[in-house]
Every structure is written in C-alpha cells, then in structure tokens.
Amino acid sequence: MPTVDVTSTPLTPSARLKATLRLTRWLAAHGSDAAHVVVSFRTAEPMAYFAGGVPLTKYEDGTDEGREARWASVVCHIHPHRDHMYRSELAGEIREALGLDAASAHLMVRFEPTHPDRVFYLASGSLTSGDPLPVTRDDEKGLPHAHH
C-alpha cells in the first residue's frame with residue numbers, strides 16, 4: 001500500500017494526473033497492487049517552505065499553476081523490506097514524473113517504512129489492514145488497560 005505525498009509549487013490538474021499515472025505504473029511494475037497506490041498533492045502556501053534558510057515558496061507562488069514543479073518535498077510510505085536500490089529508483093521516477101530536470105530545481109524525497117499491518121483501508125464496507133497479523137489469544141481477550 002505505497003503512498004506518495006507531494007508538496008510542491010502549484011501544478012495543473014493534468015500535470016498531477018500525469019505524474020500520478022506514471023508513479024502508479026512504476027509502483028505496479030515493481031510489485032505493488034495498482035489499486036492500492038495512493039498519490040496526493042498539496043500546494044505549499046507562500047513563504048512556507050525553506051531550504052538553507054531561503055524561501056522556495058515566494059509570495060506569488062500560489063497564483064500560477066505549471067505543468068512541471070519548480071521544487072517538491074515528497075514523503076513516500078513504502079514496505080520496510082524495500083532496499084536502497086528500490087528507493088533510489090523510485091526517487092528518480094518521482095523527479096521525472098514531476099518534471100524536476102532544471103539545475104535550479106529542488107527535490108527532497110523522504111522514505112518512511114510502513115509495515116502493511118499498520119495501514120487500514122475500507123474494502124466492501126469494512127476496515128481491513130494491508131497485511132493482517134494472526135489473531136492471538138491476547139487479541140481476543142483485549143488488553144487489560146483497554147477496558148478501563
């Protein structure tokens with residue numbers, strides 16, 4: 001259940017869709033279920049993102065959408081068993097999907113390993129986790145402090 005959360009300069013709806021489809025296809029080609037890939041976009045407010053003390057979001061940044069990002073900060077929640085090569089290749093794919101090719105572009109991609117049993121989603125009207133653990137006797141009884 002990989003998730004990719006992008007905060008960037010304003011992007012057009014078509015640019016967001018194009019990046020989402022590209023990332024979903026890449027993740028599916030590397031073993032993820034495409035139906036469970038989540039990509040979200042946030043536009044940073046003016047004067048809200050700094051690198052080295054320098055604002056990357058100027059006051060006028062909220063006024064124009066672009067087909068490519070000028071900068072992006074990305075957080076990816078992926079399975080903890082994904083290795084360095086996978087993370088490196090995914091970071092490169094994110095860079096290309098967002099169009100961050102200019103020498104002046106800024107990109108930071110942070111990976112947060114997330115075990116599937118810590119992610120719940122609604123399926124057929126009930127919540128389920130990505131990798132449910134077997135129920136133990138303690139789970140059936142509940143924890144002692146849970147009843148207080």
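Modeller: The model is a predicted one. Its largest pocket has a volume of about 320 Å³. The lining of that pocket is made of 18 residues, and those nearest its centre are M1, P2, S32, H79 and P116. Sorted by class, the lining of the largest pocket contains eight nonpolar, eight polar and two charged residues.

The second largest pocket holds about 240 Å³ of space. Its lining consists of L11, S14, A15, K18, A19, R22, R67, E68, E96, A97, L98 and G99. Helix 1, residues 13–29, and helix 2, residues 84–97, each contribute at least two residues to the lining of this second pocket. Helix 1 gives the largest share of that lining, with five residues. The class count for the second largest pocket is five nonpolar, two polar and five charged.

The structure has one cavity of 30 Å³ or more. The space in the largest cavity comes to about 40 Å³. Around the largest cavity lie S8, T9, P10, L11, R16, F41, R42 and T43 as lining residues. L11 is named in the lining of the second largest pocket and also in the lining of the largest cavity. Strand 2, residues 38–43, supplies the largest share of the cavity lining, three residues. By class, the residues lining the largest cavity are three nonpolar, three polar and two charged.

The structure contains one aromatic pair. The ring centres of W26 and Y86 are 5.3 Å apart and the ring planes meet at 55 degrees, so the pair is classed as tilted. This pair joins distant parts of the chain, with W26 in helix 1 and Y86 in helix 2, 60 residues apart. W26 is counted as buried because its relative accessibility is 11%, and the cut-off for buried is under 20%. Y86 has a relative accessible area of 7%, so Y86 is buried as well. A charge is also placed at the ring of Y86: the charged end of R82 sits over that ring, 4.1 Å from its centre.

Two strand residues complete the picture. S73 belongs to strand 5, residues 71–78. With a relative accessibility of 13%, S73 counts as buried. Apart from neighbours within four places in sequence, the contacts of S73 are D5, V6, T7, Y49 and M108.

L107 lies in strand 6, which spans residues 106–113. Not counting residues up to four places away in sequence, L107 touches A72, V74, A91, R95 and L100. L107 and R70 are separated by 37 residues in sequence, and their C-alpha atoms are 8.8 Å apart in space.

Note on methods: Residues are numbered from 1 along each chain as its sequence is written. This is a predicted model: local features need pLDDT of at least 70, side-chain atom pairs count only at pLDDT 80 or more; totals for chains, interfaces and linings use all residues. Side-chain values use heavy atoms; hydrogens and water are left out. Helices (H or I, at least four residues) and strands (E, at least two) are DSSP runs, numbered from the N terminus. Buried means under 20% relative accessible area, exposed over 50%, partly exposed in between (1.4 Å probe, protein chains only). Contact means heavy atoms within 4.5 Å. On a 1 Å grid over the protein atoms alone, a cavity is a set of points where a 1.4 Å probe fits but cannot get out, and a pocket is an open set with protein on both sides within 12 Å along at least five of seven lines; lining residues have an atom within 4 Å of a point. Grid points are joined across faces, edges and corners, and a volume is the space filled by probe spheres set on the points. Ala, Val, Leu, Ile, Met, Phe, Trp, Tyr, Cys and Pro count as nonpolar, Asp, Glu, Lys and Arg as charged, and the others, Gly among them, as polar. Rings of Phe, Tyr and Trp (its six-membered ring) pair if their centres lie within 6.5 Å; planes under 30 degrees apart count as stacked, over 60 as edge-to-face and the rest as tilted. A charge sits over a ring if NZ of Lys or CZ of Arg is within 6 Å of the ring centre and within 35 degrees of the ring normal.
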